[in-house]
Amino acid sequence: MLRPTPPLLSVSAFTLVGMLALTGCGAGAAPGEGDQAQERTRTVEVANGTVEIPASPERIAVLWRPTLAAVTGLGHEVVGTMGTPGSDDQGLAPFLPEDVDGGALTLVTNSPAEDDVNLEALAGTEPDLIIGVSTQMGGQAEMVDSLEAIAPTVLLEWEGTGSWRGHLEEVAEVLDARPQAQGALADYESAVEQARSEIEAAGVDPAEAELSLVRLQDAGEIRLETPASFPGQIVDDLGFARPDTQAETEGDTDFIPRSYENLEQGDGDVMFVLVGSGYPDAPQTFGKGVWSGLNAVRQERVYRVDHDFWGAANYHSAHRIIDDVTAALTGQVDPAV
């Protein structure tokens, strides 16, 4: 279900022939006419076939939260999206630039599940383009006819956690925004290099420091984030070593489930404990009970971080992980113990 991704400097999604072949057409306009964006269309080859879409869409609805991060990161506004009804920011902060208010976006969902689209709410946003997702679990593939009855609909493949790297470029192909995507990729690589420099200047050698990533799932279980997980990929880009107990994925997931009796497998030179909405908070003290024997606890090298961002699988949240790791290892934030 979830698979490892290639290294940071991998083959660009732009080189995948046939994935997103773009062709401009005039939508009935004679030569020299049709200059207004709404009078022109383009065709794209995507997961649901050949789709004719507006050349410059102005009212985009997005049905996958990593896609929301890509669309807004490329400078486009969104009229409707998937989110978590009832929460302050509708669960969208990890997927939006800081200057976009997630609470102000119209939700077109009954729940965060990608196949739980409220078609009436979606139609009410009057989109001129819908961008959804086709996943191994289905995504919106089963409802594509209903979506296309509302507006031209593009479905993009999402094959697991590793898809976040190429997803931005695929969205950029649909929106004809390849230069913006290339700029975003360059910004990420620059942020990685800057973080490495700051961490090394603080006396930490990433290649020698084993970073442990532990998610608190419930009272009886932890999940060890492997290099195949989203945060695991980011700390790998930063060049950090990982504990042997977290070095390889077991089965078809990008995490390793363990009981609290096996908490020692979450130890490391530095431990990041992932907590957030829907997950238990970290214990008020790590100095008692089962935590007390861990090296990271004894050395006061345990840091709480927000799983809502650390698990969001997009470039916006990737920058948050880089910032959190840098702040911890350069002494800008206090440890949890």
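How much space lies in the largest pocket? The points below take up this question along with others, for a model that is predicted.

1. Confidence. The average pLDDT of the protein chain is 87, and 88% of the residues score at least 70. Residues 1-34 stand out, with a pLDDT that stays under 50. The model has 66 contacts beyond four places in sequence for this stretch. Where pLDDT is low, the predicted coordinates should not be read in detail.

2. Overall make-up. There are 337 residues in the protein chain, and buried residues make up 48% of them. Nine helices and 13 strands are found in the chain. Take the contacts between residues at least 6 apart in sequence: 66% of these join residues at least 24 apart.

3. The largest pocket. About 1200 Å³ of space lies in this pocket. It is lined by 42 residues, and the closest to its centre are Trp64, Arg65, Phe95, Gly311 and Ala312. The elements giving two or more residues to the lining are helix 1 (65-73), strand 10 (221-225), helix 6 (230-237) and helix 8 (307-310). Helix 8 provides the largest share, four residues. By type, the lining holds 21 nonpolar, 11 polar and 10 charged residues.

4. In soluble globular proteins, nonpolar side chains tend to be buried together. The largest nonpolar core here has 63 residues, and the members touching the most others are Leu175, Phe272 and Val325. There is also a second, separate core of 17 residues, which includes Met271, Val273, Trp291 and Ala296.

5. Leu175 and its contacts. Which residues does Leu175 touch, leaving aside its neighbours within four places in sequence? They are Arg42, Pro57, Ile60, Val71, Leu74, His76, Leu129 and Ile131.

6. Leu129. This contact of Leu175 is found in strand 7 (residues 129-135). Leu129 counts as buried because its relative accessibility is 0%, and buried means under 20%. The C-alpha atoms of Leu129 and Pro152 are 5.2 Å apart in space, although the two residues are 23 apart in sequence. Beyond four places in sequence, Leu129 is in contact with Ile53, Pro57, Arg59, Ile60, Ala61, Ala151, Pro152, Val154, Val174 and Leu175.

7. Helix 4 and what follows. Helix 4 covers residues 164-174 and is mostly covered, with 10 of its 11 residues buried. Its buried residues include charged ones, among them Arg165, Glu169, Glu170 and Glu173. Trp164, Leu168 and Val174 are also among the buried residues of the helix.

8. Asp176. Helix 4 is followed by Asp176, which lies in the loop between helix 4 and helix 5 (178-201). The phi of Asp176 is near 55 degrees, a positive value in a residue other than glycine. Is Asp176 buried, exposed or partly exposed? Its relative accessible area is 44%, so Asp176 is partly exposed.

9. Glu300. A positive phi in a residue other than glycine, near 55 degrees, is found at Glu300 too. Glu300 lies in the loop between helix 7 (295-298) and strand 13 (302-306). With a relative accessible area of 47%, Glu300 is partly exposed.

10. Arg215. Where is Arg215 found? It is in strand 9 (residues 211-218). Arg215 counts as buried because its relative accessibility is 8%, which is under the 20% limit. Leaving aside neighbours within four places in sequence, Arg215 is in contact with Glu221, Ile222, Arg223, Glu225, Phe255, Leu274, Tyr279 and His307.

11. Ala104. This residue lies in the loop between strand 5 (78-81) and strand 6 (106-107). Why does Ala104 count as exposed? Its relative accessibility is 57%, and exposed means over 50%. Ala104 and Asp88 are 16 residues apart along the chain, and their C-alpha atoms are separated by 10.0 Å.

Methods. Residues numbered from 1 in each chain as written. Predicted model: local features only at pLDDT ≥ 70, side-chain atom pairs only at ≥ 80, totals over all residues. Heavy atoms only, no water. 1 Å grid on protein atoms, 1.4 Å probe; cavity = no way out; pocket = protein on both sides within 12 Å on 5 of 7 lines; lining within 4 Å. Points joined across faces, edges and corners; volume = space filled by probe spheres on them. Core = buried A, V, L, I, M, F, W, Y, C linked by side-chain atoms within 4.5 Å. Buried < 20%, exposed > 50% of the residue type's maximum accessible area, 1.4 Å probe, protein only. Contact = heavy atoms within 4.5 Å. pLDDT = per-residue confidence, 0-100.
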